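Hi,

Here is the model I promised to pass on. Have a look first, and my notes follow below.

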Amino acid sequence: MDRGEDHMDIADSDFLSDIGDDDDNDGDKHDEYSSDPEIDKYYVHCITCRNRLFGRQKPLHLVLGGGLAADVILWRNKETSSCVLAGATVIWLLFEWLGYHFITFFCNALLFSLTSLFLWSNLASFTNIVSPPELPDVTLPEGSLVRAALLLRWEYHRALRTLAVVIFGTDLKRFLKVVGPLWFLSVVGSCFNFLTLFYLVTLISMTVPMLYENYEDNVDTFAEKALIKIKRQYAWLDEKVFHKLQHVISCENNTKH
């Protein structure tokens with residue numbers, strides 16, 4: 001059984017359990033491609049997940065990547081998830097609640113590690129204890145840094161092109177989609193410092209997806225109704241406000257030219 005099949009546990013099987021026995025034509029197509037487990041799996045997803053949140057047609061575990069990160073976020077590996085959450089909590093308590101400074105913590109941790117290894121290495125030559133492990137060699141394939149630099153340059157130019165379209169364009173809705181999240185982040189950042197905000201993001205990412213997976217049917221039903229109401233309000237706002245503002249901006253540009 002491969003890694004993808006190992007992760008098809010109770011949560012994913014519940015996600016796929018709504019298929020009816022009366023879909024004979026669909027069953028013929030399903031049997032036709034049954035030799036390929038990936039095609040079989042995604043075909044079933046497309047049938048059973050029409051009304052999922054944001055049009056999702058795959059289990060949440062696959063949406064999150066289906067790897068170790070998804071296992072940690074969805075608590076499939078409870079030991080690792082507990083360690084991650086406990087580590088983030090300890091770091092937040094040390095630096096935020098107890099007022100411990102990062103430089104002091106880093107120097108003390110490095111001092112303790114170096115002292116322990118020094119004593120271990122010297123005691124090993126006089127006693128029968130195991131020698132300390134050797135420092136590992138870090139090897140990078142040739143051209144990896146060049147590829148990373150080229151990828152970074154490509155992302156930089158792509159971001160600049162996107163900003164140029166937003167800044168020098170006349171699309172008000174696209175401009176608000178860029179400015180709105182920045183304004184929201186500035187408001188949130190004024191309420192919390194970086195460490196507290198990082199801990200809140202970690203806490204939310206370790207709890208909300210897991211709770212959503214356990215109650216996704218109820219959440220998806222409620223979210224579908226909420227999205228319908230939001231789309232109606234957005235359509236009214238688009239008709240009453242955005243179109244008028246767009247018309248005013250177009251008229252001003254025409255008068256300037």
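By about how many helical turns are Phe102 and Phe106 separated in helix H8? By about one, because they sit four residues apart in H8 (residues 102–124); helices here are DSSP runs of H or I of at least four residues, numbered from the N terminus.

Before the rest, some ground rules. This is a predicted model, where local features need pLDDT of at least 70 and side-chain atom pairs count only at pLDDT 80 or more, while totals for chains, interfaces and linings use all residues. Residues are numbered from 1 along each chain as its sequence is written, and side-chain values use heavy atoms, with hydrogens and water left out.

Back to the rings: there are six aromatic pairs in the structure (Phe, Tyr or six-membered Trp rings with centres within 6.5 Å). Phe102 and Phe106 have ring centres 6.3 Å apart and planes at 20°, so they count as stacked (planes under 30 degrees apart).

Next, the helix packing. The axes of H7 (residues 78–97) and H11 (residues 194–214) come within 10 Å and cross at roughly 160° (lines fitted to C-alpha atoms over the stretch in contact, with angles from 0 to 180 degrees between N-to-C directions). That makes the two roughly antiparallel (over 145 degrees).

You'll find Trp75 in the loop between H6 (68–73) and H7.

Lastly, UniProt (unreviewed entry) places "transmembrane region" at residues 97–120 and 182–204; such annotations may be inferred rather than shown by experiment. In the model, residues 97–120 are 83% helix and residues 182–204 are 91% helix.

Cheers

How values were computed. Parallel < 35°, antiparallel > 145°, perpendicular 65-115°, else oblique. Phe/Tyr/Trp six-rings, centres within 6.5 Å; stacked < 30°, edge-to-face > 60°.
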